[in-house]
Amino acid sequence: MTGNARPSGPSASALDPAIAARLKRSADGLVPAIAQQYDTGEVLMLGWMDDEALHRTLTTGRCTYWSRSRREYWVKGDTSGHAQHVKSVALDCDGDTLLVKVDQVGPACHTGTRTCFDADTLPLGQ
């Protein structure tokens, strides 16, 4: 693999084939990854991973995501300093969502808030 080009499929990644076989990916080869603060349970953000991003996350201990807008991999915190140190990664019962428990350094949201879910709580019963 050269540069930041996303692999075309699971075979293009070094991800363990047993893990890759369990993933149910979207049409564009991605799986949603929920980042949660490991000790408080606070939901921090949602990112997207393909097989390579998951492999990098599992092997480096830092969250790597696929940016759908920039069309490249990004390691959370490399530019902002607001890193996510991985404590555990779990696959849900359907194999279509990842839960990444992290120790978040600084804000998780690109807007500067602690979580991406701080700003807009919707009213119930409306």
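How many residues lie between β1 and β2 in their hairpin, and which glycine in the turn has a positive phi? The legends below start there; keep in mind that this is a predicted model.

**View 1. The β1-β2 hairpin and its turn.** There are 5 residues between the two strands, and glycine 41 is the one in the turn with a positive phi, about 80°. The strands themselves run antiparallel and are joined by 6 bridges. If you want a spot to start from, look at valine 31, which sits opposite methionine 49 of β2.

**View 2. The whole sheet, strand by strand.** Here we have an open sheet of 4 strands, ordered β2-β1-β6-β5, and the pairing is mixed. At the edges are β2 (43-49) and β5 (84-91), each with pairing on one side only. On average, neighbouring strands in this sheet are turned by 25° against each other, ignoring direction.

**View 3. Where β1 meets β6.** Strand β1 (residues 31-37) pairs with strand β6 (residues 98-104) in the parallel sense, and 5 bridges hold the count here. Alanine 33 has leucine 98 of β6 standing opposite.

**View 4. The β5-β6 hairpin.** This pair runs antiparallel, with 7 bridges joining β5 to β6. Alanine 90 has leucine 99 in β6 as its bridge partner. Between the strands come 6 residues, and glycine 95 in this hairpin takes a positive phi near 75°.

**View 5. Two aromatic pairs.** Searching the whole structure turns up 2 of them. In one, the ring centres of tyrosine 65 and tryptophan 74 are 5.0 Å apart with the planes at 35°, so this pair counts as tilted. Tyrosine 65 is buried, at 0% relative accessibility, while tryptophan 74 is partly exposed at 22% relative accessible area. Tryptophan 66 and tyrosine 73 make an edge-to-face pair, 5.0 Å centre to centre with 70° between the planes. Both partners there are on the buried side of the cut-off: tryptophan 66 has a relative accessible area of 3%, and tyrosine 73 comes in at 6% relative accessibility.

View 6. Phenylalanine 117 belongs to the segment after β6. Is phenylalanine 117 buried or exposed? With a relative accessible area of 52%, phenylalanine 117 is exposed, because the cut-off for that label is over 50%.

Terms used. Residues numbered from 1 in each chain as written. Predicted model: local features only at pLDDT ≥ 70, side-chain atom pairs only at ≥ 80, totals over all residues. Heavy atoms only, no water. Pairing = 2+ DSSP bridges. Axes fitted to C-alpha atoms, helices over the stretch in contact; angles between N-to-C directions. Buried < 20%, exposed > 50% of the residue type's maximum accessible area, 1.4 Å probe, protein only. Phe/Tyr/Trp six-rings, centres within 6.5 Å; stacked < 30°, edge-to-face > 60°.
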